[in-house]
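Here is a short note for a first look at this entry. Please keep the view open beside the points below.

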Amino acid sequence: MLDQRVLPRKEVWLELSQWEQVRDAIRDMAVRGAPAIGVSAAYGLALAAQQGDHDLTNARNGLASARPTAVNLVWALDRIMAIHELTFDAVLAEARAIEQEDLAMNHQIGLNGAPLVPDQAQVLTVCNTGSLATSGHGTALGIVRTAYSQGRLKHVWSCETRPRLQGLRLTAWELLQDGIPFHSIADSAAASLMRAGKVDFVVAGADRIAANGDSANKIGTYSLAVLAKHHGIPFVIAAPSSTLDPALTDGSAIPIEERDASELTDIEGVRVAPEGCPVYNPGFDVTPGELVTAIVTERGIHHAPYNFS
Ligand code: MRU
């Protein structure tokens, strides 16, 4: 597993041989991004099966507890648990299928979403929704990639994404490799760019989407949606169907992860806040469905009122 905590400064590959190590890697965000978390958890169950566990309930529950917001995690785990005989071979084959299907879904999301991108658009995105966050290509960043390859997209504004800087560290790393023109921006620069007419389209990923289109995603996504509404800019969510949770009527029941205060008080291991500084650090927020112009999945472009089933 490529350790996303230290990218792009270092390229460190972790060798994980026990499901508990996969749980810890998900919890500590060595791997992150909803689809990548699901795929990793599936391989975690394969490791548990390899260790001779024929029941997998304990490993399933341990992996499920690693991060609460992304529904892809329990979706992938429960897909494995539905296998009739939980042999190592069967679990590994299902994990591989989940990974390959995710890659195919992302390419389809790119194809489905690219026509929504206005010609020669400047596109704003948040967090990292690319190859690192998925099996490959990406969801929101998949739309960026496909639109760019079709000659539609002119330039990307990539929000730094405090506090873990997935935009500044990871999305910038991916966009540089693809040669897609972009600038990283402080999260707080989005409003004035929109006011200046320099943003034509906003696209974000999701960790869980309720039946009414309420969408949980990286903290700060909601404020971008409010800003987009104010400035009359389309705000689109891109996600595979494994991110849909139609059992939830709205986003109020989506569990929002609170993470350690040190993510805010420390930068790259250096304490920047005063000792004793109280911190509130939610990892996600929920964008109300009425602020979402469209939701793009591998099945197509969805508009309110949504019918995901
Ligand atoms: O805390 P993270 O980095 O796992 O959060 C990731 C996001 O919020 C992504 O936008 C979401 O998981 C979709 S990734 C294709």
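Which cavity is the space taken by the ligand?

1. The space taken by the ligand is the largest cavity. A cavity here is a set of points, on a 1 Å grid over the protein atoms alone, where a 1.4 Å probe fits but cannot get out.

2. This is a predicted model: local features need pLDDT of at least 70, side-chain atom pairs count only at pLDDT 80 or more, and totals for chains, interfaces and linings use all residues. Residues are numbered from 1 along each chain as its sequence is written, and side-chain values use heavy atoms, with hydrogens and water left out.

3. Domain 1 (19-107) and domain 2 (110-302) both give residues to the shell around the ligand, so the ligand lies between them. Helix 2 (34-50) and strand 6 (215-218) each supply at least two shell residues. The shell divides into seven nonpolar, seven polar and four charged residues.

4. Gly33 uses a polar backbone atom, 2.9 Å from an oxygen atom of the ligand. The protein covers 100% of the 410 Å² of accessible area that the ligand has on its own (Shrake-Rupley method, 1.4 Å probe).

5. Check two cis peptide bonds. One joins Leu7 and Pro8, with omega about 0°; Pro8 is in the segment before helix 1 (19-27). Another joins Ala304 and Pro305, with omega about -5°; Pro305 lies in the segment after strand 13 (300-302). Helices (H or I, at least four residues) and strands (E, at least two) are DSSP runs, numbered from the N terminus.

Notes: A polar contact is a pair of N or O atoms within 3.5 Å; within protein, one must be able to donate a hydrogen and the other to accept it, and residues adjacent in sequence count only if both atoms are side-chain atoms. On a 1 Å grid over the protein atoms alone, a cavity is a set of points where a 1.4 Å probe fits but cannot get out, and a pocket is an open set with protein on both sides within 12 Å along at least five of seven lines; lining residues have an atom within 4 Å of a point. A molecule sits in a cavity or pocket if more than half of its atoms lie within 2 Å of its grid points. Ala, Val, Leu, Ile, Met, Phe, Trp, Tyr, Cys and Pro count as nonpolar, Asp, Glu, Lys and Arg as charged, and the others, Gly among them, as polar. Domain bounds come from an automatic or database domain assignment.
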